[in-house]
Amino acid sequence: EIGGCIGLVTLDLTSNDLIGSVPSSVINLRNLTSFSIGRNLLSGSLNKSLFLGWEHVRSITLSHNMMAGLVPDLDFGKHPQLRVVDIADNRFVGMGEISADFESLPELSLDLSANQIDHFPEALRHLSQISSLRLSQNRIKSLP
């Protein structure tokens with residue numbers, strides 16, 4: 001079980017043949033600064049509780065999978081070092097609410113490109129400090 005590797009700082013499982021959902025045991029990897037599980041065959045929804053204990057995480061990459069549903073509130077305020085969230089090229093249709101603590105992350109780069117988002121996510125209107133936002137190759141028809 002990957003969750004037993006509690007000393008891990010970097011976990012890169014990019015470009016494998018992983019199927020199913022993101023393993024729930026990753027919640028135990030509390031020392032992670034970088035988590036990359038892109039370019040696999042992961043599906044299902046994204047559970048925000050997977051990332052709750054990652055106080056030191058700087059980069060989360062889940063791109064190029066088949067995950068779907070709404071992108072949950074990743075509770076950005078609990079990840080003060082977070083700089084990159086890449087969830088591009090999945091099947092997400094929108095975003096849930098974003099916690100008010102987001103303002104503490106002015107250097108965040110958020111990539112939601114190549115999903116199935118059909119409107120500008122309401123939650124993103126409050127991200128006044130974001131440094132990079134990618135929404136290309138979606139189905140957005142208008143801006144608020």
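A cavity is, on a 1 Å grid over the protein atoms alone, a set of points where a 1.4 Å probe fits but cannot get out, and its lining residues have an atom within 4 Å of a point. Grid points are joined across faces, edges and corners, and a volume is the space filled by probe spheres set on the points.

The model is predicted, so that local features need pLDDT of at least 70 and side-chain atom pairs count only at pLDDT 80 or more, while totals for chains, interfaces and linings use all residues. Residues are numbered from 1 along each chain as its sequence is written, and side-chain values use heavy atoms, with hydrogens and water left out.

**View A. The largest cavity and its lining.** The structure holds one cavity of 30 Å³ or more, and about 30 Å³ of space lies in the largest cavity. Its lining is formed by Val71, Pro72, Asp73, Leu74, Phe76, Ile87, Met95, Ile98 and Leu110. By class there are eight nonpolar, no polar and one charged residues, where Ala, Val, Leu, Ile, Met, Phe, Trp, Tyr, Cys and Pro count as nonpolar, Asp, Glu, Lys and Arg as charged, and the others, Gly among them, as polar.

**View B. The salt bridge between Arg83 and Glu107****.** A search of the whole structure finds one salt bridge (a side-chain nitrogen of Lys or Arg within 4 Å of a carboxyl oxygen of Asp or Glu). In the pair of Arg83 and Glu107, the closest N and O atoms are 3.4 Å apart. Arg83 lies in the loop between β6 (66-71) and β7 (84-86) and Glu107 in the loop between β8 (91-95) and β9 (109-111), so the pair ties together parts that are 24 residues apart in sequence.

**View C. Strand pairing at β6****.** Strands are DSSP runs (E, at least two residues) numbered from the N terminus, and two of them pair if DSSP finds at least two bridges between them. Strand β4 (residues 41-44) pairs with β6 in the parallel sense over two bridges, with Ser43 opposite Met66 in β6. β6 and β8 also pair in the parallel sense, over four bridges, and Leu70 stands opposite Gly94 in β8.

Key:
1 Å grid on protein atoms, 1.4 Å probe; cavity = no way out; pocket = protein on both sides within 12 Å on 5 of 7 lines; lining within 4 Å.
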